[in-house]
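Have the sequence and the 3D view open together.

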Amino acid sequence: MKSFSVIFAPMKKLARFKEKETRRAFVAIFSGKMIGIIAILGAMIGVNMLIGGAANAQTATPIQHTANELVNPVNTIWVLVTAFLVFFMQAGFMALEAGFARSRESVNIMLECIFDTCLCGLLYWAFGFAFQFGTGNGFIGHTFFFLHGTPETYGTTGVAFLAFFLFQFAFADTCSTITSGAMVGRTSFKGDIYYSIAVSGFIYPIFAHWVWGPGGWLGGMTIHSLNTFTNGAVFRDFAGSTVVHTVGGFIALAGAIVLGPRLGRKFKRDGGGPLPPHDLNLGAIGTVILWFGWYGFNPGSTLSALDFTGIGRVAANTTLAACAGGIVAMFFVYPRSKKYDLGMACNGLLGGLVAITCPCYWVSPFGAVMIGAVAGIVVPLGVDLLERWRIDDPIGAVAVHGFAGIWGTLSLGLFATGFGVPTADGVDRTSLVKGLFYGGGWSQFKAQFVGSLTCVIVVFGVSLLVMYAVKKTVGLRISREAELEGLDLHEHGTPAYHMEFGQGMTYTTLTGVGSFLGGGSEARAGVGVEKDSS
Amino acid sequence: MVHLVTAVIKPFKLEEVKDALRGAGVLGMTVSEVQGYGRQGGKSETFRGGEYTVSFVPKVKLEILVDSSDVDKVIDIIAVTSKTGKIGDGKIWATDVDRVLRVRTGEAGADAL
C-alpha cells in the first residue's frame, strides 16, 4: 500500500496542474531555471575560449598528422554511414513484403524481419563473421569467433574492425530477410526460427567466405582446372549480386518449393493468378526505401571513401540500373493487361538494383542502363516461370533476387569496361576487369559463370536439404486451420489491423508490469482502489 | 415471390460459398464484413504479454435475393459449404421481401433478380 502512495504522489501533484495558479507558478520557475542554465553555459563557453586561446598561443607548432590518422577515420565514417543505410533496408523489406502479402499475415512479416535481424546479429557475432572473414582455408574461416582477437582495423583498409563487422552484419541480415519473402503466409514461426539459424549462421557466411573471405576459393579461383578454364580471371562480385541476392533468392526458392503454395492459390495455367496484395502504398514505399538503402549497399562496398571517383560511379550506376529496370518492366507487362502496373514496376526496379550490385564498380553508365533494362525483362519472365512451375512466391523474391542476381553476375563478363580493382587507398590498375563487349574476351564471363553456377547448385541443394530437414523435424508449414485463420492471429495472437482498437475489448490478465500497458477498465478500477485506501 | 437469404459465416469460407452459389446459378450477392457474438462469445488476443478478450468476432454477412422456390436450395448450399463443425460457423435465415426493383431497367419482383 505504501509503495502505491509513493508512486501516486506525483500523480496527485500532476492533478494540481489543472489549477491556473499552479501552472503560472510552474512557468515562472521553469523559465527562470532555464535562463540560469543558459547563463552558466554561456559563461563556461566564454571562459573556455579564453583558456583555449591562451593554450593555442603557447603551442604554435602545427599538429603533424600521419596519413592514417585522417584516412582511417574517413574510411570508417564512410563504412559506418553506408552500413546504416544497408541496415535501413530492413524497413524497406518489411514494408514491401507486408504490402504485397495479405493483411492476415502482416504481424508475422514484421516480427519475422525483426526477429531475423536480432538473431542474425547474435549468430554473426558468435560465429557467422568468423566463418566468413576469419582466416582458414578456401572454404571456411575459423578465427574471430565472438569477435575475439580482432585487430583494430580491417586489413589494409584502415576501417575500424568493428565498423567493418557492422557493415557485413547488415549484409548478412539482408540475405536472411530476402529468404522469407517467398515463404510468407504459410511458414510457421518455429520453422522460421530454425531455417533462419541455418541461413544466417551457416549458409550465407560460408558461401560468402568462398568469394569475399581471405583465401576464398571462388574469389581467388584457386582450383587449378577452373583457373585454366577462365584463363586466370577470378570470380568478381563487387557488392553481392551472387553472394547476397542469388543466395537469398535460391534459399527462398527452396523454401517455397518445400512449403508448397498458400491455400487457395491457383496458378495461371489452372485459371487463377496471384493473390492480391493488401496494401500497395506500403509496398511501393518499401521499394523506394530499398532503393535508398542500396546507396549504402553498393557504394559502401568500396570500404573506402578515398576512391571517390569509384563511389561516385557506383552510386550513379546503381541509380541508372534501377531507373531502366523499373521502366522496362512496366512497359514489358503493359501489353498483357493494358494497364501500367505498379507491382511490376517495383519488382523491375529492384531487379535492376540486384543486377547492378555485382558489376556496379566496373561498368560505364551506359552499361548500367543496359544491365538494368535486361533485368527489367528478366524479372517479369522469372515471375512467369515460377507461375508456370506452380511455385508460390508472394512477393517475387526468387525472380528479383535469384534470377536478376544471376543476370547481374554474368553481365560483368559482358559490360566491364576495364577499370582496376578497388583497394583501401585507391585503385589497383595492375589487373583490369574487362568484359566481352569491351575487348576482354570470354575470360571474365567464364569466371562469372563458374561463380554463379556454383552458387545456384550448392546453395539451392543445401537449402533444399535444410528446408526438408526442418519440415520433417519441427515442421515448416502451419496447420490448415491456422493458415485460414491467418498467421497473425494464430502465431502472434493479434491482427495487424483492428476494426476499432479498444472497442469491445477488455484486458483480462493483470500481471505485474504488464498491467500499465493495458488501460482497460479493470486495470483502471484496480488502481483506483489502491489509491483510495492508501 | 422473392426471398432474402441472409447468412453470417466464417470469413475464410466466403470464397468456397461464393463458388458453390455461382455454380448453382445464383446471379448476385452482397457481402459485408461484420462483427458480432454468439455462442462463441468472443475470442482472445494477445499484445505485449497481456491477453485481451475481444467480445466481437469478425464474420462475413451474405445477403442474397432469390426466387422463393430456390430458398431451400440456396440455404442448403450455404450450410453445406460453410460448415466446419466447430463453434462459430454462423447462421442462415430467410425472410420475405415485399418489393424488389432493378434500378437500371425498372423491372420488379422476380424479374429483377
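A:R390 sits in the loop that links helix 12 (365–388) to helix 13 (397–415) of chain A. Keep in mind that this is a predicted model. The phi of A:R390 is near 60°, a positive value in a residue other than glycine. Most residues other than glycine have a negative phi. Is A:R390 buried, partly exposed or exposed? A:R390 counts as partly exposed because 15 other C-beta atoms lie within 10 Å, and the cut-off for buried is 20 or more.

A:M221 is another non-glycine residue with a positive phi, this one about 45°. Look for A:M221 in the loop between helix 6 and helix 7 (224–229) of chain A. With 22 other C-beta atoms within 10 Å, A:M221 is buried.

## The chain as a whole

Chain A has 18 helices and 5 strands. Of its 534 residues, 47% count as buried. If you take the contacts in chain A with a separation of 6 or more, residues 24 or more positions apart account for 76% of them.

Helix 14 of chain A covers residues 443–473, which makes 31 residues. From first C-alpha to last, helix 14 of chain A reaches 45 Å, close to the 45 Å expected at 1.5 Å a residue. After helix 14 of chain A comes A:G475, with a positive phi near 90°. Helix 8 of chain A has 19 residues and reaches 25 Å between its end C-alpha atoms, close to the expected 27 Å. How many of the residues of helix 8 of chain A are buried? The count is 19 of 19, so this helix is mostly covered. Just after helix 8 of chain A, A:G260 takes a positive phi of about 85°.

Now put them together. The axes of helix 8 (residues 241–259) and helix 14 of chain A come within 8 Å and cross at roughly 40°, and the crossing is right-handed. On the helix 8 side of chain A, the contact residues include A:T246, A:F250, A:L253 and A:A254. Helix 14 of chain A brings residues including A:C455, A:V459, A:F460 and A:M467. By class, the contact between helix 8 and helix 14 of chain A has 13 nonpolar, 6 polar and 1 charged.

## Helix 10 and its two partners

Helix 10 (residues 308–337) of chain A packs with helix 11 (residues 342–357) of chain A at an angle of about 140°, and their axes are 7 Å apart. This crossing of helix 10 and helix 11 of chain A is right-handed. Among the residues that meet here are A:A321, A:G325, A:V328 and A:A329 from helix 10 of chain A, and A:M344, A:G348, A:L349 and A:G352 from helix 11 of chain A. The contact of helix 10 with helix 11 of chain A has 13 nonpolar, 8 polar and no charged residues.

Helix 12 of chain A is also a partner of helix 10 of chain A: their axes come within 7 Å and cross at roughly 35°. The crossing of helix 10 and helix 12 of chain A is right-handed. Sorted by class, the contact of helix 10 with helix 12 of chain A has 20 nonpolar, 5 polar and no charged residues.

## Two residues worth a click

Go to A:I197 in helix 6 (residues 189–212) of chain A. Leaving aside residues up to four places away in sequence, A:I197 touches A:L119 and A:L123. A:I197 and A:L119 are 78 residues apart along the chain, and their C-alpha atoms are separated by 7.6 Å. A:I197 is partly exposed, with 16 other C-beta atoms within 10 Å.

Then try A:L41, found in helix 2 (residues 20–58) of chain A. A:L41 counts as exposed because it has 10 C-beta neighbours inside 10 Å, where the cut-off for exposed is 12 or fewer.

Note on methods
Residues numbered from 1 in each chain as written. Chains lettered and ligands numbered in written order. Predicted model: local features only at pLDDT ≥ 70, side-chain atom pairs only at ≥ 80, totals over all residues. Helix = DSSP H or I, 4+ residues; strand = E, 2+ residues; numbered from the N terminus. Contact = placed C-beta atoms within 7 Å. Expected span 1.5 Å × (residues − 1). Axes fitted to C-alpha atoms, helices over the stretch in contact; angles between N-to-C directions. Left-handed = near helix turned anticlockwise from the far one by under 90°. Nonpolar A, V, L, I, M, F, W, Y, C, P; charged D, E, K, R; others polar.
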